[in-house]
Amino acid sequence: MIGAIFQQPEGPMSRRIDTYLQDLIDEDRMDFYQAVCDFSDREIGTQVLQWEREHQLVPDDCIRKMAELGLFGLPVPEEHGGQGGDHLDLILMGLALAYHCPSAAITPGAAYSLGIKPLMLAGNEAQKAAHLEDLAEGRRMFVFGLSEPARGSDAANPEVTASRVEGGFQIRGEKCWSTNAHWSSHVVVHALTDPDAPNGKRSTCFLVPMDAEGVHYQEMRGKEVWKQSSTGSIVFDNVVVSEDCLLGEWNGGFKIMVTTLNGGRLFIASLALASLAFALDKCRAYVQERMAFGNLPIGRFQRVQDVILDMDIALERNLAWLIQLTQRYVAGKLSREQAAKVKIDCSRVASRLLLEAMEICGGVACLDEFGLIRHHLDLFVTRVGEGSNFALKTLACRPLLHDIRGVLQ
Ligand SMILES: Cc1cc2nc3c(=O)[nH]c(=O)nc-3n(C[C@H](O)[C@H](O)[C@H](O)COP(=O)(O)OP(=O)(O)OC[C@H]3O[C@@H](n4cnc5c(N)ncnc54)[C@H](O)[C@@H]3O)c2cc1C
């Protein structure tokens, strides 16, 4: 009797997320998503445990294969070496790759959303001609150099400084948490250039070669999240760069960085939902196999079903919301507040439910080979990365606190 309750009407268990996605996107997009899922199952799902146990970054061979699939330049125009797609393709890639390993997904994800995007937003024709094709084809990457040891949420006021010198600019200071630093040829440095200017207009962006004299990079040690992703600390010891390294306008740097982050936050939300999707499928399978109290599956307990249903509801609702907001982003209609809100909600809901998912599986959830602990740890990054949720709430709340007396009268 009880066995019948758990029978899968559609035969072998499929990813729950796929059933929701196919109602939200067209057939061509679904084919693309399935192709990336196949790649992810084959090249990442089967390898990730070994990478973790051997403390490896995403291997070069896997990066090369992602590049061959075109995953580094999905929204980049074809004439610049990209796939001519849009940000929705990037989100689908995030959902497919992060299902097995969020830190493998962030590699091409950040390469585009944090590396290529500032160049597309603010690069001049010469800069695009020099870099875009290589970046879109995954031959090298750019680092997004916003965060510093003493400046995270307060990013508008960098301690890294840049000043004009003969023939160019001199840059001093340190950036940290620099995703993809290991594979990067350049860092987009956000530096203070005019301390007396109004907030948000004090800084400028520069494209600094990682091999310039005075640039010292090292991997950050002891990081227990996004273990396959490269995260660097980069010191600029009086680095002198030429005039053509200026990216965008003088004192226009903060605008480039925050505009870039809108798309990046959507990508972070996709990572959170991929983790939730993995946990849901893992739990659906496990609670039917795990027998207890009279050799019956633990999935018969109402509390266990409660967690599974909560995950399912959260996935269906937040996925629809993320796809809808990504379409608004593609149409140029997404506000900063909307990008912040979807990142906040996907990450907090997924990370809360991940703990409950682990709890209904019991001790086995503590094992690396079970997979949930990886997603639990990586979900923490989705709460603080690309703007800490608590700091973003201040931004997202702004439009709610306008004068509403007229409405209430
Ligand atoms: C794995 C990883 C990869 C990253 N990759 C990059 C990258 O590629 N490039 C890059 O530039 N940065 C990167 N970051 C940095 C990330 O964006 C910052 O960690 C984030 O902006 C928060 O800054 P912080 O850690 O300095 O926290 P702080 O700014 O010190 O804030 C700590 C806490 O204080 C509270 N808080 C701070 N300000 C406010 C506020 N205004 N309102 C309410 N509460 C507040 C929040 O709880 C916040 O979490 C990465 C971080 C991680 C962990």
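Me: Ala, Val, Leu, Ile, Met, Phe, Trp, Tyr, Cys and Pro count as nonpolar, Asp, Glu, Lys and Arg as charged, and the others, Gly among them, as polar. How do the residues of the shell around the ligand divide?

Reply: Heads up: this is a predicted model, where local features need pLDDT of at least 70, side-chain atom pairs count only at pLDDT 80 or more, and totals for chains, interfaces and linings use all residues. Residues are numbered from 1 along each chain as its sequence is written. Sorted by type, the shell comes out as eleven nonpolar, eleven polar and one charged.

Me: Okay, and which residues come nearest to the ligand?

Reply: There are 23 residues around the ligand to pick from. The ones that come nearest are Leu146, Gly152, Ser153, Thr179 and Ser388.

Me: Which elements give two or more residues to that shell?

Reply: Elements here are DSSP runs numbered from the N terminus: helices (H or I, at least four residues) and strands (E, at least two). Those giving two or more residues are helix 7, strand 1, strand 3 (168-179), helix 12 (372-384) and helix 13.

Me: Let's look at strand 4 (residues 184-192). How many of its residues are buried?

Reply: Buried takes 20 or more other C-beta atoms within 10 Å of a residue's own, while 12 or fewer makes it exposed and anything in between partly exposed; C-beta atoms are placed from the backbone. Strand 4 is largely enclosed by the rest of the structure, because the buried count among its nine residues is eight.

Me: In what sense does strand 4 pair with strand 5 (residues 203-209)?

Reply: Strands pair if DSSP finds at least two bridges between them. With strand 1 (residues 141-145), strand 4 makes five bridges in the parallel sense, and Val143 has Val187 as its bridge partner there. With strand 5 there are seven bridges, and Leu192 stands opposite Ser203.

How values were computed. A residue is near a molecule or strand if its C-beta atom, placed from the backbone, lies within 6 Å of it.
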